[in-house]
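Hi,

Here is the structure I promised to pass on. Have a look at it first, and then read my notes below.

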Amino acid sequence: MPWRAPSASLASAGRILLRPIIGPKVSLAARMITAYPGLVSCDEITYLRSMLPAYNFKKLPEKMMKNISNPGKIYEYLGHRRCIMFGKRHLARKRNKNRPLLDREKELEAFQMAQQRCLHQKKGQAVLYEGGKGYGKSQLLAEINFLTQKEGHRVLPLMLKEADSKQCFYAIQTLMAIFFEIDTCPAYYRQECLQRHLRGIVEEQLHCLFNDLLFVKFPLSFKVSHMDDVARQKKVKACFIKVLQEAARETPLIFLIDEAQYMDAASWEFLETLLSSMPIIMVMTLTPIFTLCGWAQHFLQSPQAILMPITKLATTSLLRMACWELGVVSIPQELQIYLHRCFGNPLYCEVLCQDLLSKDMLLFHDLQKEEEENSKWETLSANAMKSIMYSMFPANSEEGQELYVCTVKDDVNLDTVLLPPFLKEIAVSQLDQLSPEEQLLVKCAAIIGHSFHIDLLQHLLPGWDKNKLLQVLRALVDIHVLCWPDKSQELPAEPILVPSSIDIIDETKEKKTKLDGGSASLLRLKEELSLPQTEVLEFGVPLLRAAAWELWPKEQQIALHLECACFLQVLACRCGSCHGGDFVPFHRFAVCSTKNSKGTSRFCPYRDTGSVLTQVITEKLQLPSPQDSFPFQMKPSRTQEAFSSECCRTEEEFLDQVKRKLAQTSPEKDLLTTKPCHCKDILKLVLSPLTQHCLVIGETTCAFYYLLEAAAASLDLSDNYMAFFYLRKASSLLGQPSAFSFLKKHKVKICQFEEATFCRLLSEVCFNMGHITLAKKLARKALRLLKRNFPWTWFGVLFQTFLEKYWHPCTLSQPPNNPSENKKNLAVLQQQLHCLSLLWQLYNLEATASSYRFACLATLMQKNSAEEFANEAQVVSTYVELSQFSQSMGIKDKWLHCEQMAIQKSSLCWFSREGLLATAQLMQALAYTKLCLGHLDFSIKLGFQAREICRHLKKPALENLVLSVLFRSAFLKKKFGLCVHVLESQWALISQGYDVLGLACFYSACLDLLLYGKGLLFRPFSECLRFVQIYEHSRVLTSQSNVMLGVHSSLAMWFAQESQWGLFEHYFSKACQLVKRTNASLFGAHGFVRFLECHVLMLQKIPEGIFMHIPLELRSQTLEYFKEFFSRCVTCPVYHQWVSELKASVMRCEKREFMSLTNSIRPFDTCLTRIWIKGEFLQENNS
């Protein structure tokens, strides 16, 4: 009869006696320990021979056991009361002082209010917390236990079990044993202890009433012997109430009862009487799935009882809890997605985190360890985590405390990690409660993913009609197994998923007559071109999807994943409002010949049957989308001709033209009244699941294709970390690179274009992470694969520059007549443009003569490639980039010339979404230009117009840049109210993403407002300082010298204001190391101005002798910096008047003529009032 616990004891005894115990029962017990960890389990023979009531046992699900073919039925022993005994004081959870109680402020407030009412009104109060298993009810009780004991109250804690509900008066029996303190004392001392508590309160002749209840042996009195059972029970209850009333006079009593749904009816009845007769506080927890007895329901209806539902944790709180469990300040996004299956259940989150730790799937990295420049892509996981914002900002951490982040190991796929047995058992038991039809539907939906569309679900259930499907779905929604997406999120009224490459007006109508009725639902999808938001559902029960997915046999699992992949493949493109096409431009045309040469793929098993799905996929690869056809429009439309004839000559004309377009209300004419972009939903509902489907069925080539698409979509949505995540998956498909190029052999067969695209995407991700050297290396490699080499030496630069200037324009030829070949060439050209744009931005970060030559060559090659591309939007974007490069290099003539060229070529940009994006980029560039020139009012107007377009296009990176320009213009205009409004918008934008660089610009603006904004406080200085202390070692910020020069200089000025000269010198020294690495960009000039203010301040404070380390040539060095500023920042005249005032103060300082500056700690107090604003000088001191 193998009980689990006794079998372990026998095994131990065998080791002590050096005599092993072997046999089938001992083997079965050992297997039960492994199969059912943490449970007291027994086989069916033990269950039958125990002669115990059935409610003491619970049947366990069958599990496979090693070397045991048929173990029979297995039961869990729940405990018994054959020899009735009271329990002991304990709660299910102990309070963890290192882990805060998250999102339970309302619940604690309800208890505290009940406590106050009890103390003031002298009436009993009951608070009952109702919540599902694992929602943190026991942890809440542990917190209340700690708080009340800390206040000096007497607390009686009790936890009940399922078997306790069958024993009359058990809960009160145990609570009174705890009250009399006989639950922990030795049996021989129990009677004496009880007598001491009863003396003076209960008559001695009544003590024998407690003999059977509390297991004591008082002599039977004459009075009690003449009582019947009912009278004895009433007298016992009256004595208990009398004792408790006496105790409550000295100190408040608090009952804590965990799992109160297991309380017997007699105990509920007594507690209700107790509640109405004395000031006592009762705190209980309930699980809502149990049906309560009549006395319990009557107790809940009492006016002194409050039922408080406990809800699931918010997503942010759940992530904070995961950080506490793992001991880190941030977890990667793929782990956040993995933990979303908990649905806010704290227990499930805790178990999943412990499971990952036990399986050694995570790596931990010191956050404050300075990052080194990586030369290999495979070692960037830790740095990718450090390049994003942290889930739990450690604002209150102690000085010197080690902070960590974690990453998932490269060989771990969280999508296929099996659930821990404890959680799987819970989920399977929930699935068993459903009907067979509901179980089948849930298991099919689990194949699709956490979110799924009804049409795809019906595709997996071809035997079900639509009415049956909707009926079962409605039933599952009613019991909250499935749910609609969160209503609080932005719900578009327009279609989300649109197979954009299919002409539905004529061709699908013609084919409709040729198709059988089984394809009707798919045709309806193609005709409507939509998967509306209202037809997308998601799982609403924690872990159910993962458990249901694991129940499928392997072969059926692969077959269903194949069906999903075939269905989703047609939808894997940009949304309808973006006019379709690939996220990697012309991707399918560049690789289609390679795919066709391989023969029939598993993706196309329907080719021989001629099904509609295959026809649609084939048409998708043949029919051009609007994105694909624009370079070959030989004759523009009349509307385009009329609009292009209005060629803009000035910025004012361009702004008027934009205003006219925005003022139009006709959907046919105004792009801003059309459907908004839904590419983010495409990434979530199509591309991301599609990559997983391909990996499961073993189609690694297709998986690589869609991983590139998903990475490009993530970059398009400004989510650099998820792009890194998809590329890391793609990299694992390719295999480890060889040290010798001639030995390189990928595990997946890909074409040269895809390898080049992979390198280009890697380069952009590395650039965003601050790994400049690796980004250059990958961009060069991508260009080489695209048959466009970029030189390595200065001589190569000279030769290539000559070719680009004089020979390249002569070699431009007309595109070939083959449309397919044209699209392949355009795909290559588009990737070349991306690589060249990356290269000039990378070299522009280095302020050296060599880097300047390389950057100039890259911009020249980019301009030539854009002209070869023959697309107006691309040409405009290129000229905008050339303008920004020229401004940052201080080349004023070229800067303004490129801007004018962009304005002149912007005429046709309103006729595509890509053109609208180019218009927004141009407006941002114009706002930037007007700010640099000092035309602040015009800059603000342009900035607001650019932001309106960016919000419609959902381009957070560009919108953040626009807001930065808007803030600087409003700040120099001294419109501090507008500054606060812009910062609020910027914070709302940054808090949605993971942009550390954007956060640095934001805190730099906050510091400016603190120093110059007349005491305005948008973010406290301590928060700004803490951000710099934590993130300053990030490669993202160390590569951005322009931004960090302003941040460190502003920090130095703040500490000077506070007379903390040691910290002033610390941050000033950091600024000194950055000033030579900056350029003439807006952020570079702004940082330079702050740096010069620090120099002026030091010169003023030299006579006071407050600095420890001051160079002797400080004054001459300061004048050299002034000279360097005017020679470098030619293209930023908005700061020239300000810097001239600073220079004048230095000259007066030499003659000891400080004037108003002598008594000022901050020189900017007087300088700020003399900012040149569009020709206006606010002179306050003409002397």
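Let's start with F799, which sits in helix α35 (residues 794-807). F799 is partly exposed, at a relative accessible area of 49%. Together with W794, F795 and L798, F799 makes up a nonpolar patch on the surface, and the four share about 500 Å² of accessible area.

Before you go further, keep in mind that this is a predicted model. The average pLDDT of the chain is 77, and 76% of the residues score at least 70.

Now the overall picture. The chain has 1183 residues, 56% of which count as buried, and its secondary structure comes to 52 helices and 13 strands. If you take the contacts with a separation of 6 or more, 76% of them are between residues 24 or more positions apart. The chain exposes about 53,000 Å², with carbon and sulfur atoms supplying 54% of that.

Is α30 enclosed or open? Of its 19 residues, 14 are buried, so α30 is largely enclosed by the rest of the structure. Just after α30 comes G698, which takes a positive phi of about 85°.

Next, salt bridges; the structure holds 27. Here are some to find:

- K25 pairs with D43, with the closest N and O atoms 3.3 Å apart. The two link distant parts of the chain, as K25 is in helix α2 and D43 is in strand β1, 18 residues apart. K25 is partly exposed at 35% relative accessibility, while D43 is buried at 3%.
- E1124 pairs with K1076, and here the closest N and O atoms are 3.1 Å apart. E1124 is in helix α50, K1076 is in the loop between α48 and α49, and 48 residues separate them. K1076 counts as exposed, at 52%.
- E1124 also meets R1128 in a salt bridge, at 2.4 Å from N to O. These two are four residues apart in helix α50, so about one helical turn separates them. R1128 is buried, at 15%.
- R968, D1008, R1090 and E1093 are linked in a network of salt bridges.

Cheers

Technical notes. Residues are numbered from 1 along each chain as its sequence is written. This is a predicted model: local features need pLDDT of at least 70, side-chain atom pairs count only at pLDDT 80 or more; totals for chains, interfaces and linings use all residues. Side-chain values use heavy atoms; hydrogens and water are left out. Buried means under 20% relative accessible area, exposed over 50%, partly exposed in between (1.4 Å probe, protein chains only). Contact means heavy atoms within 4.5 Å. Accessible areas come from the Shrake-Rupley method with a 1.4 Å probe; for residues, only the protein chains shown count as cover. Patches are made of residues with over 30% relative accessible area and no salt bridge: like charges are joined within 9 Å, nonpolar side chains (Val, Leu, Ile, Met, Phe, Trp, Tyr) within 5 Å. A salt bridge is a side-chain nitrogen of Lys or Arg within 4 Å of a carboxyl oxygen of Asp or Glu. pLDDT is the predictor's confidence in each residue, from 0 to 100.
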